Structure formats: C-alpha cells, structure tokens
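Reader: I would like to know how the labels for this structure are decided. Please go through them one at a time.

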Amino acid sequence: MFVGFKLRRSRHAMAHGAAAVALLWTVPAFAQQAAAPAQPSDSAMVNLVRLLIEQGVLTPEKGKALMDQAQAEAVQARAALAQVPAAPVQQAAAELPPPPAGTVRVPYVPETVRNQIKEGLRQEVLAQAKAEGWAAPGKAAPDWVDNIRIHGDLRFRSASSFYAKDNSPDYIDVSEFNAMGPIDLTRQLAPRINTTRDKRNNMEIRARIGLEATVANRFTLGFQLATGENAGPISTNATLGGGFRKRDLWLQNAYVKGELVPGVTAMVGRFDNPLRTTDLMFDPDLALDGLYGEANLARIVGEDGFTLAVRGGAFPVMFEDTDYPSTSSEKRNWRDRYLFSGQVELAKKFGNGVEAHLAGAYHNFTYLRGHVSAPCDIYSVENVECSTDALRPLFATKGNTLMFLRRFDTTANPNPNDPRQPQYLGLKFAYRVLDLSGSVSVPISDRVVARLTGNYLYNFGFNPKGICAEGADGAPLNNVVLSDPANNPLQGACDVTNPARFVGGNQGYGGYFSIGDPNLFSVNPRRAQRGAWAVNLAYKYLESDAVPDSFTDSDFHLGGTNARGFVIGGAWAPYDGIAIGARWLSANQIVDAPLAIDVLHLDLGVAF
C-alpha cells in the first residue's frame, strides 16, 4: 500500500498507519532473503536495506533491527486502524484520484527509520575515516600540524629626525672610530655622527617571521628570522632605497623552552628578553643569548591569582679571543664578557581585573670596562697590538663616558719629535645595574585597559672618585665641563692643576602611561581586532652611565644614554591584524655639549 503525494493533510494520520502496515508485510520477505541468495524484491524498503548492507554501511544485525522496529510500528498502526470505522477509510481511499500517466509512487519511510539510517551511515563513515587516518571529527589535517604555530609581521615606517640648529658638531661615532682605528687624532679626523642635518621621511621596514613547535607535549622549539641594517643587537629596521638592493635577513631567535616541573621553566638558545623591565634599560627588539630559568613559587604551592617568581640567566656578551694578540707569540688570557641577571617579581590579579606587578632585578655586565694598556711600543713595529686593545666596547652608540685605551712607551720613540698617538676608545666605568620596575593595569572595558608603569635604574659600577686612578692617560674624554674652554680647550678632568669638572651620572627613571587595547601599545596588531585603539605617553630620564649605551632604546634620542624627554603616540586598527600609528619622541642631552633630537614615526603594521 502506498500513499500518493496529493493526499490531503486531514487524512495523513490514516495514511501513515496504512504505510506502516505495508512495511510489516515486507518483514517475511526480508527474513527469507537473509537465508537465500539475494533476489530483487517488490518492496523498496527491503531493497534499500539490502543495498546498505552490501555497501557496508549497515551490518545485517542493524538491518534486521530496522525491520523489527518497522514491524512494531505496524502493530501500533493496525491497533489504531481497528478503532477507525471502515467507511471513512474506504471513503478516503475512494477519494484518491487515479495517478496521472507516468507518475512514480514513492514508498513512505517513517521518520524514526530515516533518522536511524542517517545516524548509522554517519557513524560508519566516521569510524572508517578515523581508522584509516584520513580524517577525524573536527579535524582536517594530521596531528603534527597542530603542534606547529607560525606567526609574522611587517611594519612599514616613515621615520624623520629633526636636529636643533645649535647642536654640537663634535660628537664622535664611537663604533666607527674603533672599526677604523687605531686613529691618530694628531693626523686623522675622527668620524662624527650627524647632529645638525634633518633627515625626513626615511622609509624603513621591519619584517619578522617566526615558528614555534611543541615537542614531547612539554617543550617549545622556536625560531624567528628578522630584517636588520646590520648585526647590531637593538634594531631590526632595514632602510629602503640603496639602489633597490636586497635586504639582509638575520637569525633573531633560536631556542628551546620547557616547563620542567609545574612552575619551573628553563630556556636555552637565543630568545626575546624574558625579564620584566622597560625600554629605559633594554631596547624592545633586543634578544639575549644563553641560559635562562624561572621558578614561580606561587604556582608551585598552588596559589592562583598570585605570582612570586624568581628569574635568572647567564647571557654571554662576547667570548674571549683565543688568538690575541694575533701578531705576538705571547697570547693574552682575557675573561669572557657576560651579562648575569637575576630578578624577583611579585604580581597579583584582583577579582575586579586589576593587575599589579613589582619587580627588582640586578644586571651585572662583566668586563665591559676599559683599562689603560701597559706601555706600548708603536714606534718600532707597524700595526702593533697593545695589551688592552681587545677591551673596545661592542656596538657603542653615544652617551657613556669614554677613555683612551693606550699608553705609549715614549722611551722607544727614536724621534722625540714624533707626535703619533694612534688610539682606541673604551668605556670608563663598569656596569652593575639595579633595575626596579612596577606597573598597575586597570580594565576599563573588555578591550580597553589603562596601564601605569614606572622604572628606576642605578649603576653601582659608577665610580667618579676613581676617574683618575690610571692617571691622565685614562681620564674621561666626554661628559666634562671645561672651566676655560676658550683659552684651554684641551683641559682634562685629571689635570694636576685646574682640572675640568666631570658631570656624568649613574641614574635613570621613567614613567609610562598607556590606555586602550594592550595589543596596540607597541603598534603590533597580531591580536588586535578591528576598531581597537591605544594612546601612549612617557617621560624618560637616563644619565650618561646608568646603563651601557649599546642596548638602550634605538628610537629615543636615536639611541644611547645621556638623554631626557618625552614620548607621545597612538595607534588604531582599521581591520583585524592591521594597525596604523604615529609617535613623536623629543629628547635633549642632560650634560655635555648640546644635542637635541626630535623623531617622528608614522607606522603601518600588519601581522598574523
């Protein structure tokens, strides 16, 4: 018995029962076919179930279960029909019009049966896919793909630098001086940095691509490549132009990090600075080499919402040259230069979302300080290496107090009138820096946070009372004030009579305020959503010898120390992962000759 499509809605219940009876009539046929070779059946239901069994979608047991359920529904349908007068049923059947020529009658399958067939088919396909490894629920790729995360960003910048007209033109380019040296100031002109000519709209890019992979479910293997003008430690910007030359790509990061036990983390290789501090101490792009460890004592004891972390690391700055002096058979044994850092941090996250951090660190830069050499005979041998030439600073910028490294053996001079004095420059002081920082973050809304940060630095390696311990040969060359520059321009701080006054300092402090989306505080839109915004304000004061000038912020005062001033900037994300921003950085020197530099940055950042 089949029900036509033109049956009126009012007769649907009777038709449903009649169809169920029709299904019941097919059960003996199915049972007979299960024991005999498969033969075509007049029942569409039997043929459908048989086809699903042959295709492996249904097992014979599931097919029989479907037919048993259909039989039970048919029994219920017959009981219902027994209570309906025969006349209405016959009348309903009589009212059905004869089907038009070519009409195909489709058997009615109860909804419960259809749902069971659908679910059975889905489960069979998923089970086969999972067993064969070509797919799994909610996945479209093998498991190893989930262990790898790739991220990258590109920043396009228009950078302009503006110099005060009364700036001193006599600031020495320390790195270039030592690279070209030794330089004899009695015969050669020392290289100088630009301090008077504005540079407008220099176009720069910073491109970075990184990869992280999970190993053994507890370790992270990370790599990052980045652009850079040179191998220096603090900037990954690359200036465009230069005849359309290709840009260099450097290995910025390569590390392994893992949580050895809950709350104890270790990292080796080259990695982003893991210590809590500000750009008053280290440039944001600075990566450290070496070993690092951290123990979160609060997590170890199971305290949630509270942090008591102890951090420390040994970061090699430079390993000794095993072949120094290269021109002598008697080699010097210099100690390796290291940065040893330790830090303790207290942090608390309150129930209203307010978060507070307080950190204290101690950074010991070993063997950065220069020393005056033993008397060096530069007269008998060309290109001689003096005993302390290897103590030249690495990637020096400007601000730190400098000294000459060489003392000459004048007794070996065959010509007393020979004024030669080829020199290298070194750092006058050691750097053992106390670094105190703190911050408070207050959520304003889901995507707006206000953050106030402070940082104070103090260098215990600064020793102004000992500036003349090595005599006039080791006197400070800069950060001094002459008492009579017109009549005595060569006045030194270690002169026996009427010495120049040394005015260098060893402290630094800064205050930073930001409001908006924290993902845009550094114009890095990797996690920024469309419409996000941020505004930043800062004041910075960094005396000449508070920190080594090789590693400070490369943008403020165009790098180095001996600078004070403010920063104001903002950013906005017009789309997810894209941000535009601007910053104005204005800085003057604290002591020494005039040097005022203002910097304007217009940035476009794209990240994924």
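Author: A disulfide is a pair of cysteine sulfur atoms within 2.5 Å. This is a predicted model, in which local features need pLDDT of at least 70, side-chain atom pairs count only at pLDDT 80 or more, and totals for chains, interfaces and linings use all residues. Residues are numbered from 1 along each chain as its sequence is written, and side-chain values use heavy atoms, with hydrogens and water left out.

Reader: What makes Cys-376 and Cys-386 a disulfide?

Author: Their sulfur atoms are 2.0 Å apart, and the cut-off is 2.5 Å, so the pair counts as a disulfide. The torsion about the S-S bond is -80°, and the link of Cys-376 and Cys-386 is left-handed. Both cysteines lie in the loop between β11 (355-365) and β12 (402-404), so the bond ties together parts that are 10 residues apart in sequence. Strands such as these are DSSP runs (E, at least two residues), numbered from the N terminus.

Reader: Why is Cys-376 called buried?

Author: Buried means under 20% relative accessible area, exposed means over 50%, and partly exposed is in between (1.4 Å probe, protein chains only). Cys-376 has 6%, so it is buried. Cys-386, at 1%, also counts as buried.

Reader: How do you know that Cys-468 and Cys-494 form a disulfide?

Author: Their sulfur atoms are 2.0 Å apart, which is within the limit of 2.5 Å. The torsion about this S-S bond is about -95°, so the disulfide is left-handed. Cys-468 lies in the loop between β16 (449-459) and β17 (480-481), and Cys-494 in the loop between β17 and β18 (501-502), so the bond ties together parts that are 26 residues apart in sequence. Cys-468 has a relative accessible area of 35% and is therefore partly exposed, whereas Cys-494, at 12%, is buried. A search of the whole structure finds two disulfides.

Reader: Why is the pair of Phe-319 and Tyr-338 called edge-to-face?

Author: Rings of Phe, Tyr and Trp (its six-membered ring) pair if their centres lie within 6.5 Å; planes under 30 degrees apart count as stacked, over 60 as edge-to-face and the rest as tilted. The centres of Phe-319 and Tyr-338 are 6.1 Å apart and their planes are at 80°, so the pair is edge-to-face. Phe-319 is in the loop between β9 (306-318) and β10 (337-349), and Tyr-338 is in strand β10, 19 residues apart. Tyr-338 has a relative accessible area of 21%, so it is partly exposed.

Reader: How many aromatic pairs are there by this rule?

Author: The count comes to 11. One of them joins Phe-271 and Tyr-292, with 6.5 Å centre to centre and 55° between the planes, and is tilted. Phe-271 is in strand β7 (residues 264-272) and Tyr-292 in strand β8 (residues 287-296), so this pair ties together parts that are 21 residues apart in sequence. Phe-271 is buried at 1% relative accessibility, and Tyr-292 is buried at 7%.

Reader: What makes the charged end of Arg-392 sit over the ring of Tyr-424?

Author: The rule asks for NZ of Lys or CZ of Arg within 6 Å of the ring centre and within 35 degrees of the ring normal. The charged end of Arg-392 sits over the ring of Tyr-424, 4.1 Å from its centre.

Conventions: Helix = DSSP H or I, 4+ residues; strand = E, 2+ residues; numbered from the N terminus.
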